[in-house]
Amino acid sequence: MENELTASIAQTGKQIESILQKVRETSHASSPVRTAIFRRMQQTATINSHWHIAWPHWPPGIRAKVTAASQKIIRRLLQWYIDPIVEQQNQFNQTVVNALQLLADDLAALQTLCQSPSEVQQAKIDRLQRQINTLSRQIQDKD
Amino acid sequence: MRIAFFAILSPIRSALADYAEGLALAMVQNQDVTIDFFINDDYQPDNHQILEKFNIYTYHEFSAHADQYYSILYWLGDHGRYNGFMLDFIHRYPGVVVLHDLTLHRCVMDVTLNRGDAAAYQAEMRYAYGDVDALEIARQIKTGNGDQLVLEYPLFERIVDSSLGIIVHSKYGRNQILAKRPYASVHHIPHPFFMPGQSAPIEPEKMRAEARASFNLSKDTFVVGSSGIFVPNKHLGDSLSAFAHLLPRHPNSKYILSGFAVPEYNLNAHIEQMGLSDYVTITGWQPPDAFSRQMAAFDVGIHLRYPHIGGVPYTPIRLMGLGVCTIVSDIEPLAELPQGACIKIPPDVYQRDSLRTILEHLADNPDFRKEIAHNGQQYISQNHNIVKIAERYIQTLSIHGR
């Protein structure tokens with residue numbers, strides 16, 4: 001009995017989540033362009049202190065290779081000094097991305113509010129619509 | 001086991017009074033338990049069942065008889081006028097405190113600062129948070145910036161320190177208290193489901209028919225309802241807007257507001273402005289018995305709440321227990337209620353759209369609605385059974401007795 005209930009709750013819960021997810025996707029706040037921009041920002045928010053030296057390929061020429069190898073060694077030796085700074089920079093970047101995301105959400109919500117009629121306007125439209133329906137029915141009845 | 005129960009009782013218009021009475025009646029079903037109530041001295045209790053079964057004293061009489069009690073239960077919410085009389089006793093006669101809200105800031109403010117004793121308020125703040133500008137915080141709370149501040153400075157610290165045990169209704173509540181006072185003895189006991197004045201098993205279908213008849217509702221009317229004291233953070237604007245959105249396709253719908261709005265909130269004008277006067281009924285305040293029965297008339301009950309002050313609202317438990325498909329805000333105090341036993345809507349920028357879509361879906365799909373209602377009712381009967389919960393209270397009081 002208990003398992004049956006758990007299964008039923010889980011199944012119904014999934015259906016509800018799916019409805020809520022659809023609302024989020026179709027809302028103005030989740031346009032494809034906006035999602036793409038944020039994905040790109042998310043990808044570039046995290047930096048690695050060991051990137052970009054002889055990566056993904058070693059540079060051509062012996063002299064360039066030797067320079068790259070020395071840079072790699074120096075950077076490894078200075079890891080204790082560089083890594084905490086990189087970590088702080090990453091934290092800052094992530095915070096900026098989150099802040100921008102929140103601002104964008106708020107802006108999207110405001111845009112939605114501006115584009116759609118206000119609660120009062122919508123209520124008036126609905127009320128007029130209902131009056132039209134009632135009057136149409138009365139006219140039909142008289143005919 | 002003889003228990004002194006500091007609480008508020010009917011006719012005080014608070015869910016805490018209704019729920020204290022229901023729990024006390026369930027606890028004395030255990031033959032070993034006797035309960036005496038200690039209440040404030042500014043009202044006369046009027047629930048006949050309570051007057052017949054319990055001795056009721058004013059708090060002035062407690063000190064002379066304190067030795068007679070094995071355990072003391074304090075039923076505490078953040079309303080200074082109703083609950084403020086208990087604070088002094090909690091420190092003088094330690095017992096088990098049921099914290100209905102996760103902040104007591106306004107209650108403490110009421111019995112100190114608002115009665116002209118700024119020094120006592122500052123001392124409370126200093127005890128809990130050290131050197132803070134207490135009067136500036138109080139000023140901000142009074143000017144309406146309070147919701148965040150009362151949670152940041154909940155002022156339950158001294159109450160927790162003075163108490164033998166604390167009872168809260170959610171894991172969130174327990175964690176919040178332990179984060180401030182890691183060595184406190186905090187018990188998580190959920191709300192019990194019961195109907196005031198009814199000892200016989202509940203027959204939801206019969207109650208539903210009776211409740212709908214009392215509102216002259218036809219069988220096919222789609223009824224949405226909200227219950228309680230209406231304040232702006234219950235987001236009735238969004239609920240009414242979702243209901244208005246539904247009307248063109250479901251003209252035979254009604255919205256019942258079972259309760260009353262606080263004086264600062266002009267709910268009637270709002271309803272009129274939305275053109276919903278013909279579709280919305282506000283019942284006004286009702287005694288707990290009638291108030292609870294009215295909920296059975298709903299097809300869908302909506303109880304949104306955000307921001308919150310940490311307490312677990314009781315209305316969703318009652319709605320679900322009655323077999324009403326219930327929509328709530330997805331907030332921390334309601335984390336234990338699973339999605340699927342009710343509908344939890346996050347209080348974010350999508351709230352209005354989510355509510356519109358969900359309500360429309362429920363109106364269009366009675367089977368889906370009934371499935372959620374059935375899940376909710378079963379869930380409540382398994383997890384909020386009043387007999388089991390009354391035993392847990394007795395057990396907790398016996399652990400922390402003398």
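Ile19(A), Leu20(A) and Val23(A) of helix α1(A) meet a set of residues in helix α17(B), namely Asp353(B), Ser354(B), Thr357(B), Ile358(B) and His361(B). By class, this contact between α1(A) and α17(B) comprises four nonpolar residues, three polar residues and one charged residue. The structure described here is a predicted model.

## The contact between the chains

The axes of α1(A) and α17(B), the latter covering residues 351–364 of chain B, come within 9 Å and cross at roughly 135°. That angle makes α1(A) oblique to α17(B). The crossing of the two helices is right-handed.

The contact as a whole draws 26 residues from chain A and 27 residues from chain B. On the side of chain A that touches chain B, the elements giving two or more residues are α1 (2–26), α4 (79–115) and α5 (119–142) of chain A. Helix α1(A) supplies the largest share of that side, with 13 residues. By class, the residues on this side of chain A are 11 nonpolar, six polar and nine charged.

## Chain A

Chain A contains five helices and zero strands, and its pattern along the sequence reads α-α-α-α-α. Chain A has 143 residues, of which 5% count as buried. Where contacts in chain A join residues at least 6 apart in sequence, 65% of them link residues at least 24 apart.

## The packing of α17(B) within its own chain

Helix α17(B), which meets α1(A), also has a partner in chain B: the axes of α13(B) and α17(B) come within 9 Å and cross at roughly 45°. These two helices are therefore oblique to each other, and α13(B) passes α17(B) in a right-handed crossing.

From α13(B), the residues in this contact are Asp238(B), Ser239(B), Ser241(B), Ala242(B), Phe243(B), His245(B) and Leu246(B). They meet Gln351(B), Arg352(B), Leu355(B), Arg356(B), Leu359(B), Glu360(B) and Ala363(B) in α17(B). The contact of α13(B) with α17(B) has six nonpolar, four polar and four charged residues.

| Helix pair | Axes come within | Crossing angle |
|---|---|---|
| α1(A) and α17(B) | 9 Å | roughly 135° |
| α13(B) and α17(B) | 9 Å | roughly 45° |

## The sheet of chain B

In chain B, seven strands form an open sheet with parallel pairing, in the order β3-β2-β1-β4-β5-β6-β7. Strands β3 (55–58) and β7 (186–188) of chain B stand at the edges; each has a single partner strand, so one side of each is left without a neighbour in the sheet. From one strand to the next, the twist averages 25°.

Within this sheet, strand β4 (residues 71–76) of chain B runs parallel to strand β5 (residues 96–99) of chain B, and four bridges join the two. Leu76(B) stands opposite Leu99(B) in β5(B). Helix α11 (residues 171–180) of chain B packs on the sheet, where it touches β5, β6 (165–168) and β7 of chain B. The direction of α11(B) makes about 170° with that of β7(B).

## Backbone features in the loops of chain B

The bond from Ser10(B) to Pro11(B) is cis, with omega near 15°, and Pro11(B) lies in the loop between β1 (2–6) and α1 (15–27) of chain B. A cis peptide bond also joins Tyr306(B) and Pro307(B), with omega about -5°. Pro307(B) has its place in the loop between β11 (300–303) and α16 (315–321) of chain B.

Positive phi values form another topic. Leu155(B), a residue other than glycine, has a positive phi near 55° and is found in the loop between α9 (146–152) and α10 (157–162) of chain B. Leu155(B) counts as buried because 22 C-beta neighbours lie inside 10 Å, where the cut-off is 20 or more.

His235(B) is not a glycine either, and its phi is positive, at about 55°. This residue is placed in the loop between β8 (222–230) and α13 (236–246) of chain B, and α13(B) is the helix that crosses α17(B). With 22 C-beta neighbours inside 10 Å, His235(B) counts as buried.

Technical notes
Residues numbered from 1 in each chain as written. Chains lettered and ligands numbered in written order. Predicted model: local features only at pLDDT ≥ 70, side-chain atom pairs only at ≥ 80, totals over all residues. Contact = placed C-beta atoms within 7 Å. Nonpolar A, V, L, I, M, F, W, Y, C, P; charged D, E, K, R; others polar. Buried ≥ 20, exposed ≤ 12 C-beta atoms within 10 Å, placed from the backbone. Pairing = 2+ DSSP bridges. Axes fitted to C-alpha atoms, helices over the stretch in contact; angles between N-to-C directions. Parallel < 35°, antiparallel > 145°, perpendicular 65-115°, else oblique. Left-handed = near helix turned anticlockwise from the far one by under 90°.
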